[in-house]
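Please open the structure in your viewer and keep the selection panel at hand. The tour below goes from one selection to the next and says what is found at each stop.

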Amino acid sequence: MTDCIFCKMVKREINPDVVFENDEVLAFRDIHPKAPVHVLVIPKRHIETLDELDDQTLAGELLLSARRVAGQLGLSKGYRVAINCKSAGGQEVYHLHLHILGGRQLTWPPG
Ligand code: 5GP
Ligand code: ZN
């Protein structure tokens with residue numbers, strides 16, 4: 001996907017503020033943070049939405065990477081991992097990503 005902003009980050013055509021990376025996933029700080037800590041974890045491979053995720057190993061890698069990043073960033077009091085799926089779910093960037101939000105008290109449910 002040549003015009004996908006997150007694919008451009010994987011290829012470093014755009015340089016994100018990376019907090020974790022391995023062969024399968026990249027985690028970087030959100031440009032418009034909604035909490036003191038707001039990191040996005042993405043698969044390096046272009047997958048549009050959660051509905052297109054069919055690789056169980058990658059699904060596990062994404063979730064465990066989110067937990068690892070939360071630990072790395074000191075969110076021992078707690079945090080939230082969220083996936084917005086398609087328009088009604090509030091998804092704006094159509095490259096699958098997990099939001100990690102923390103560093104303040106979060107409320108439930110989200111708007
Ligand atoms: P969504 O609404 O699709 O679940 O979330 C997309 C997220 O990507 C938003 O929180 C938005 O701030 C973030 N975002 C959009 N463009 C960029 C960018 O160029 N760089 C970074 N770091 N985050 C971005
Ligand atoms: Zn992409």
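Begin by selecting the shell of residues around ligand 1 in this predicted model, and colour it by class, which gives 7 nonpolar, 7 polar and 4 charged residues. Within this shell of 18 residues, those that come nearest to the ligand are Asp30, Asn84, Glu92, His97 and His99.

Taken alone, ligand 1 would expose 520 Å², of which the protein buries 86%.

Now display the pockets, and you will find ligand 1 sitting in the largest pocket, which holds about 800 Å³ of space. Of the 32 residues in its lining, Asp30, Lys34, His38, Leu40 and His99 are the closest to the centre. Select helix H1 (5–10), which gives the most to this lining, with 3 residues, and which also gives the most to the shell around the ligand, again with 3 residues.

Finally, move to the second largest pocket, where about 170 Å³ of space lies. Its lining includes Gly74, Leu75, Tyr79, Arg80 and Arg104, and by class this lining has 3 nonpolar, 5 polar and 3 charged residues.

Terms used
Residues are numbered from 1 along each chain as its sequence is written. Chains are lettered from A and ligands numbered from 1 in the order in which they are written. This is a predicted model: local features need pLDDT of at least 70, side-chain atom pairs count only at pLDDT 80 or more; totals for chains, interfaces and linings use all residues. Side-chain values use heavy atoms; hydrogens and water are left out. A residue is near a molecule or strand if one of its heavy atoms lies within 4 Å of it. Accessible areas come from the Shrake-Rupley method with a 1.4 Å probe; for residues, only the protein chains shown count as cover. On a 1 Å grid over the protein atoms alone, a cavity is a set of points where a 1.4 Å probe fits but cannot get out, and a pocket is an open set with protein on both sides within 12 Å along at least five of seven lines; lining residues have an atom within 4 Å of a point. A molecule sits in a cavity or pocket if more than half of its atoms lie within 2 Å of its grid points. Helices (H or I, at least four residues) and strands (E, at least two) are DSSP runs, numbered from the N terminus. Ala, Val, Leu, Ile, Met, Phe, Trp, Tyr, Cys and Pro count as nonpolar, Asp, Glu, Lys and Arg as charged, and the others, Gly among them, as polar. Grid points are joined across faces, edges and corners, and a volume is the space filled by probe spheres set on the points.
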